[in-house]
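Subject: Structure handover

Hello,

Here is the structure I promised to pass on. Please look it over before reading my notes.

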Amino acid sequence: MELWYTEEHTENVRLSMKVKQHLYSKTSPFQQIDVLDTYDFGRVLTIDGLVMVTQKDEFIYHDMIVHVPMATNPNIKSVLVIGAGDGGTVRELTRYKNIEKIHMVEIDEVVVEASREFLDFTANKLDDKRVELYFEDGIKFVEGKENEYDLIIVDSTDPIGPGEGLFTTEFYKNCYKALTEEGILVNQNESPYYEEDAKEMIRASKKIKNIFPIAEVYQAHIPTYPSGHWLFGFASKKLHPVKDLDSKKWNDLGLKTKYYNTDLHVGSFALPNYVKEMIEAETI
């Protein structure tokens, strides 16, 4: 008998992958967590039936959510990561010797437990001495913090369930206050391709533009995410992701990456016309 995992991207579009083994399944107080071993994508973490991480393409997402802000400001020392229970974002951050502390706030401890056990390729740096784990609500965690972090990465699930509050104006305002003078906020920003995803992308982009003087959107191709065309938001009080990029300084670090490079960094901010029009019109 064949076992298949199927994710519904829209009512009429589905992604399926053949499964070798269903390794893990648990319902936490927040959501349903599963780990699958698949033929083409290796181990796959799903939450509420949606792909979060696959062994084959996770490097794309984690490269782009981390190295873009780190290359824009090579002097980042203090980082707050909200979400990211699989550990991949933290893994990439720990490669920078100049980072002194990483606070990771994940609402669901079960996600981290499952990742530690089954996803060692992403979770293998969660015990780095610079990393402090907080199992609590990231929305509440950031409240009242001022001038504390050089970088905030919102590595959240989609804006439903536990992730919904991470897409609100109040949350983005609190992030602004928590950032230092040259602070950067990066968030996963959904896909522009399917209508429901695009609506959330536009809503988030509009809110961030109303708060931060610099607010840009950049892109990557992630095969297992809906449509494969995925966006990230970049917001800053002072630094522009292209104009202030110091390619030489980042390249001199000698970091080996599978997806990110400084040419791609610049190119990722060159958006297709249909995406630019949506963002500028703030509608679809």
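First, the ground rules. This is a predicted model, where local features need pLDDT of at least 70, side-chain atom pairs count only at pLDDT 80 or more, and totals for chains, interfaces and linings use all residues. Residues are numbered from 1 along each chain as its sequence is written, and side-chain values use heavy atoms, with hydrogens and water left out.

**Cores**

The largest nonpolar core has 48 residues. (A nonpolar core is a set of buried Ala, Val, Leu, Ile, Met, Phe, Trp, Tyr and Cys residues joined through side-chain atoms within 4.5 Å; buried means under 20% relative accessible area, exposed over 50%, partly exposed in between, with a 1.4 Å probe and protein chains only.) Met 70, Leu 93, Ile 99, Leu 151, Tyr 218, Ile 222 and Phe 232 touch the most other members. Helix H1 gives the most to this core, nine residues. (Helices, H or I of at least four residues, and strands, E of at least two, are DSSP runs numbered from the N terminus.) A second, separate core has 19 residues, including Tyr 149 and Leu 179.

Leu 93 has contacts (heavy atoms within 4.5 Å) beyond its neighbours within four places in sequence; Val 66, Met 70 and Ile 153 are among them.

**Helix H3**

H3 covers residues 109–118. Its buried residues are Val 110, Val 111, Val 112, Ala 114, Ser 115 and Phe 118. They pack against strands S2, S3, S4 and S7 and helix H4. At the start of H3, a side-chain oxygen of Asp 108 comes within 3.1 Å of the backbone nitrogen of Val 110.

**Second largest cavity**

Its volume, the space filled by probe spheres set on the grid points (joined across faces, edges and corners), is about 40 Å³. (A cavity is a set of points on a 1 Å grid over the protein atoms alone where a 1.4 Å probe fits but cannot get out; lining residues have an atom within 4 Å of a point.) Strand S5 (50–54) and helix H1 (58–72) each give two or more residues to the lining. Ile 222 also lines this cavity.

**Two residues**

His 229 is in strand S12. His 229 is buried, at 16% relative accessible area. Its side chain makes a polar contact with that of Gln 219, at 2.7 Å. (A polar contact is a pair of N or O atoms within 3.5 Å; within protein, one must be able to donate a hydrogen and the other to accept it, and residues adjacent in sequence count only if both atoms are side-chain atoms.)

Lys 243 sits in the loop between S12 and helix H8. Lys 243 is exposed, at 71%.

Best wishes

Definitions and conventions. 1 Å grid on protein atoms, 1.4 Å probe; cavity = no way out; pocket = protein on both sides within 12 Å on 5 of 7 lines; lining within 4 Å.
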